[in-house]
Amino acid sequence: MQRLATGWFKGSLILALLTAASAQTQQTQPASTPSHTQPTLELVAQFPDRQVTGVAVSPTGRIFVCFPYWSDTYQGALAELAPDGSLRDYPDDAWNAWRIGSELDPATHFVCVQSVIADRSGNLWVLDPAAPSFQGPVPNGPKLVRIDLRTNRVAQIIPFDPQIAPPGSYLNDVRIDETRQLAYITDSGRGAIIVVDLKRQEARRVLETHPSTHAEDIEPTIAGKPLRDEQGRVPQIHADGIALSPDGEYLYYHALTGYRLYRVPTQALRALHDQPELLAMAVENLGPDVVCDGMLMDEQGDLYLTALEHHAIAKRSPRGELTAVVQDPRLRWPDTLALGPDRWLYVTVSQIHLMPRFNEGRDRVTEPWALYRLKLPAPTASHATRPSSDAPR
């Protein structure tokens, strides 16, 4: 299997990440710039008995977290985090009441929520792959749900039939283009991008046979241990992290089991969905970066990635320069990123590498799952270059 060095990358994609045990307070040095003090990682909340994956922060600062149905300790899919750290099922108890064996309709209840995202128009979008314990989608369960944050009520349900969420799929992350009324979703189970017309409630799978949406032949090493499943195999986790450029013109995506970042013009996704060969030609390989789960692009075109092998968050500039934002041993599998008001960057810690499925059936989680945040610096004049300046490598 291909193994990339976990310290230094060649060319302009250079990420220097120190691995000393005292990394909680150490500094990170990009090779091409002077050393700088990393921002402070602040604890927002801990979840001692609920494994968190997704986080969303509304423009007004409301925080929402989701907990996928991955174990028999599951307590509910989606919650709002109060300022005192308490959780309230969201939008209500009824939507969080479904359990395996339940007679409740999976079409109108959360089954296994993986990710959430807040838009600028006052909506919370909830992606439900409806695949408890990764055992495949529950019939009539996969869906994208829009909740009106003004009324705290479900305003729209977009169901996904087996053509969009087939057996073995796991709809993983979502981005919303409010201007064009489109959603883009990754399928980490089988590998594909899902394009959803939010007005027509129509969806289609694209790039499902393209290498860019599929895992690479690598072996990730998390906390010094190769990531392998119960059968001793490297998990094939396909298209996972996803980000949308500020102007909505480019979609960026990344297989979790992989080092390469890709992007595709969204115009090509819209116009060439029925011409897979031409669409494949529009995909750009932006070269190697880090083994990452969550991605997020800010308004300046900086792409933030969770660097799983480094307990870190990395940043890729519009020019393709990769640097470390923060490295901290508490970032045990940094999962999802969300940008809140005043440039606070939120990150969940899901500790997936410590789950029984990656540890010969033994649960190695000893610390609470958690939500952290850090303050990003104000943009500088160097952000004049837009994301479209990215050059394939």
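Predicted model: local features only at pLDDT ≥ 70, side-chain atom pairs only at ≥ 80, totals over all residues.
**View 1**

**View 2. Strands β6, β7, β8 and β9 form an open sheet.** The order of the four strands is β6-β7-β8-β9, and their pairing is antiparallel. The edge strands here are β6 (115-118) and β9 (153-159), and each of them pairs on one side only. From one strand to the next, the twist averages 20°. Strand β8, made up of residues 143-148, runs antiparallel to β9 and is joined to it by six bridges. In this pair of strands, L144 stands opposite I158 of β9.

**View 3. Strand β4 pairs with β3 and with β5.** In the pairing of β4 with strand β3 (residues 63-66), the sense is antiparallel and there are four bridges, and I63 has L81 as its bridge partner in β4. In the pairing of β4 with strand β5 (residues 87-89), the sense is again antiparallel, with three bridges, and E80 stands opposite R88 of β5. The hairpin of β4 and β5 has five residues between its strands, and G85 takes a positive phi near 90° in this hairpin.

**View 4. The side chains of strand β4 point in two directions.** In a regular strand, the side chains alternate between the two faces of the sheet. In β4, which spans residues 78-81, L78 and E80 point one way while A79 and L81 point the other way, and all four are buried.

**View 5. A salt bridge joins R373 and E42.** The closest N and O atoms of R373 and E42 are 3.3 Å apart, and the two residues form a salt bridge. Because R373 lies in strand β26 (residues 369-375) and E42 lies in strand β1 (residues 42-47), the pair ties together parts that are 331 residues apart in sequence. R373 counts as partly exposed, at 23% relative accessibility, and E42 also counts as partly exposed, at 31%.

View 6. R205 forms a salt bridge with E208, in which the closest N and O atoms are 3.0 Å apart. Here R205 is buried, with a relative accessible area of 12%, whereas E208 counts as partly exposed at 36% relative accessibility. R330 forms a salt bridge with D328, and the closest N and O atoms of this pair are 3.0 Å apart. In this case R330 counts as partly exposed, at 22% relative accessibility, whereas D328 counts as buried, at 2%.

Conventions: Residues numbered from 1 in each chain as written. Heavy atoms only, no water. Buried < 20%, exposed > 50% of the residue type's maximum accessible area, 1.4 Å probe, protein only. Pairing = 2+ DSSP bridges. Salt bridge = Lys/Arg side-chain N within 4 Å of Asp/Glu carboxyl O. Axes fitted to C-alpha atoms, helices over the stretch in contact; angles between N-to-C directions.
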